[in-house]
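Student: Could you go through this structure with me, one piece at a time?
Tutor: Gladly, let us look at the picture and begin with a single residue.

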Amino acid sequence: MTQLAEKTADNLRKIRQLKPLVHNITNFVVMNFTANVLLASGASPVMAHADNEIEEMVDHAQSLVLNIGTLTDAWVTTMIKAGRRASELGKPIILDPVGAGATLLRTNAVKAILAQTWVSVIRGNASEILAIAGASTTAGGVDATNSVNEALEAAAILARERGTTLAITGASDLVTDGRRSFRIQGGHALMPYVTGTGCSASALIGAFHAVDKDPVSAAATALAFFAVAGETAGDRAAGPGSFMVHLVDALYNLSPEEVESRCRIEKI
Amino acid sequence: MTQLAEKTADNLRKIRQLKPLVHNITNFVVMNFTANVLLASGASPVMAHADNEIEEMVDHAQSLVLNIGTLTDAWVTTMIKAGRRASELGKPIILDPVGAGATLLRTNAVKAILAQTWVSVIRGNASEILAIAGASTTAGGVDATNSVNEALEAAAILARERGTTLAITGASDLVTDGRRSFRIQGGHALMPYVTGTGCSASALIGAFHAVDKDPVSAAATALAFFAVAGETAGDRAAGPGSFMVHLVDALYNLSPEEVESRCRIEKI
Amino acid sequence: MTQLAEKTADNLRKIRQLKPLVHNITNFVVMNFTANVLLASGASPVMAHADNEIEEMVDHAQSLVLNIGTLTDAWVTTMIKAGRRASELGKPIILDPVGAGATLLRTNAVKAILAQTWVSVIRGNASEILAIAGASTTAGGVDATNSVNEALEAAAILARERGTTLAITGASDLVTDGRRSFRIQGGHALMPYVTGTGCSASALIGAFHAVDKDPVSAAATALAFFAVAGETAGDRAAGPGSFMVHLVDALYNLSPEEVESRCRIEKI
């Protein structure tokens, strides 16, 4: 998709120029890495979760990323409050349903967020996406070994039902709104050995969606950029420790032109 | 101990094959590094602390690591709930008593966890172990400069009283259940300059204990593997920043064979 | 300022010899990096925030760093409790007003902390300092693009009113108590692309203030040391990921003599 490759480069240029503020209510494990991924890419991260400042912070931000990695009831309440505000203001919301299906709390948190806010993009692994689909469409089972391809059909149904774009990441990534579907190739085998790569991908979708109103294009181009950076990092890394370092460096150094020539997005 | 060197390699092989899920209720400072240490070593980390999902998460996990580094009353309550569930299910619990002796809250938290759950291994520095021993056996004083050797006697008494294995880490490490005692050599002088190396060692004991039912062997082999990785990282590092990177890379790259030939565990 | 260059080296020597305990109540995003910056520099970090241990922890510490980056009402209450204890004991308090001006919660938290504790040094960027000044002196507006120079006058007025030292960091840094003012040069253009560099600077002021009773000298020498380390890291880094690694290595490796010869502090 030459068109989406160009769009990837355009979105990256806009992020570096406009430095959109991406508001993250995310888990404790990945806060630092996520902030550094956003900064290196050119965006401005803010992490804030206090119930009595959350709406003001959403007002400042250009997009909102909700990640339930280390959730509690209080945080879910705050996420919904933030999400309702963002929905009212028409600011894009990205939901990362970490561990959906693993516990009732997580599955119910996802349901509540989806019911009460207007989520533009859901980014998860195949198991998480199947868990969400199962909760609302009785599709598929939940298994950490589910492949991206297995989750595509459930994702497309869920996308159409909800009017939401689904991004399923794995060895390759899929993005679908139930009508348009794209596959993104790239990345590196070390990525699953670094905590927070998925969460960072969700945050990057937040940055791309801040400058690109089309959720399918925003998600696909963000994942394409991340995949190119992952390839670069993988070429240079000696293990997951140095992979993290090279990934952040690559996100900072990659030119829009290089990303455009190297990214691999195909319509499926 | 050729036997424990072989066991170190065997346990590492099992971790990389079985990818045991290690559930960590740990402090905010080290969550990211701990997750990356576990992933690099081959295990699957999960960090979760919500009271209303904690038992479900314990059900999924193969071991439970409780670390009181940034505790609050609410977290201690949740740790105990998680620990009781793990005890019922016979899943190994590793306790990292960060700062025990420094405040009453910490000392009391350790007492409460030990009284209400079946802790298999306690991993701490000499001062922390002496503080715990003092709390229950009136042994020794508490001083951040206590050496590993000073703590051994108190640890052995505590181990026999509690039926728990004690792992005391420092320039060299000691593991004892009050009957069998082992010393592990290795590591590097930069380790104390990186936050979370002790906490990560506790998490690694969680991974090794998930595949090795013997707490003494699990603790000794985990620390031996970590010590070899620390040596490798120390050889390559230019300071504590690069040490962290090389440590994670080493945990990922070290073959069981190399670990077996290099690890140094002696019976004492 | 040869005098302050010498003082920078002296303070660094004292930190490495005395290893002062710096108690941080700080935000989740930067806890790990802050602890590693303090350790690499020679200080001993502790992160603790439980209301029922906070005074005991302050008793152990040589300085207290309050950072409102991911605040909640409960944390602010605990920060004030810790700050009151430190004030009673005459231990230096450093306040990092992250995001002051961005939300009412943050601005009010800063006001409450300043009203109820004896803050020795406030370290922020120009926008944060102007926001604080505006809250109490009706000076300036709040804008993330405010330059350090713009904030100097407001900072000097605020410093005299409050009897507090202000440290404003940016492309160059300014330190003033309203009578003496210093500019610190150095650092690197990659610093704003790494999360937590400002927060770490505040923590380092805590370490320097633990060994240097003069708040102006403590803040200026801490920032001068950090600026030299930033230059070293910038020379070696290929991007923000490797910058973090080299920064921590530089903080560990820089000798007091090299810091003295390279640091640039001028009276203004």
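Student: What is A:Leu223 in contact with, leaving aside its neighbours within four places in sequence?
Tutor: A:Leu223 is then in contact with A:Ala167, A:Thr169, A:Asp173, A:Val175, A:Ile184 and A:Ala201, where contact is said of two residues whose C-beta atoms, placed from the backbone, lie within 7 Å. Keep in mind that this is a predicted model, in which local features need pLDDT of at least 70 and side-chain atom pairs count only at pLDDT 80 or more, while totals for chains, interfaces and linings use all residues. Residues are numbered from 1 along each chain as its sequence is written, and chains are lettered from A and ligands numbered from 1 in the order in which they are written.

Student: And which residues have the most contacts inside the largest nonpolar core?
Tutor: Those are A:Leu223, B:Leu223 and C:Leu223, in a core of 316 residues. Such a core is a set of buried Ala, Val, Leu, Ile, Met, Phe, Trp, Tyr and Cys residues joined through C-beta atoms within 7 Å, and buried says that 20 or more other C-beta atoms lie within 10 Å of the residue's own.

Student: New topic: at what angle do helix 1 and helix 9 of chain A pack?
Tutor: Helix 1 (residues 2-18) and helix 9 (residues 215-236) of chain A pack at about 80°, with their axes 9 Å apart. That makes helix 1 of chain A roughly perpendicular to helix 9 of chain A, a term for angles of 65 to 115 degrees.

Student: Which residues meet there?
Tutor: From helix 1 of chain A come A:Leu4, A:Lys7, A:Thr8, A:Asn11 and A:Leu12, and they meet A:Ser217, A:Ala220, A:Thr221, A:Ala224 and A:Phe225 in helix 9 of chain A. The residues of this contact divide into five nonpolar, four polar and one charged.

Student: How is chain A related to chain C?
Tutor: A rotation of 120° with 0.0 Å of shift along its axis superposes chain A on chain C, with an RMSD of 0.0 Å, and that is the relation of a three-fold axis. Of the residues of chain A, A:Phe28 comes closest to the rotation axis, its C-alpha being at 3.8 Å.

Definitions and conventions
Buried ≥ 20, exposed ≤ 12 C-beta atoms within 10 Å, placed from the backbone. Axes fitted to C-alpha atoms, helices over the stretch in contact; angles between N-to-C directions. Helix = DSSP H or I, 4+ residues; strand = E, 2+ residues; numbered from the N terminus. Parallel < 35°, antiparallel > 145°, perpendicular 65-115°, else oblique. Nonpolar A, V, L, I, M, F, W, Y, C, P; charged D, E, K, R; others polar. Least-squares fit on C-alpha atoms with pLDDT ≥ 70 in both.
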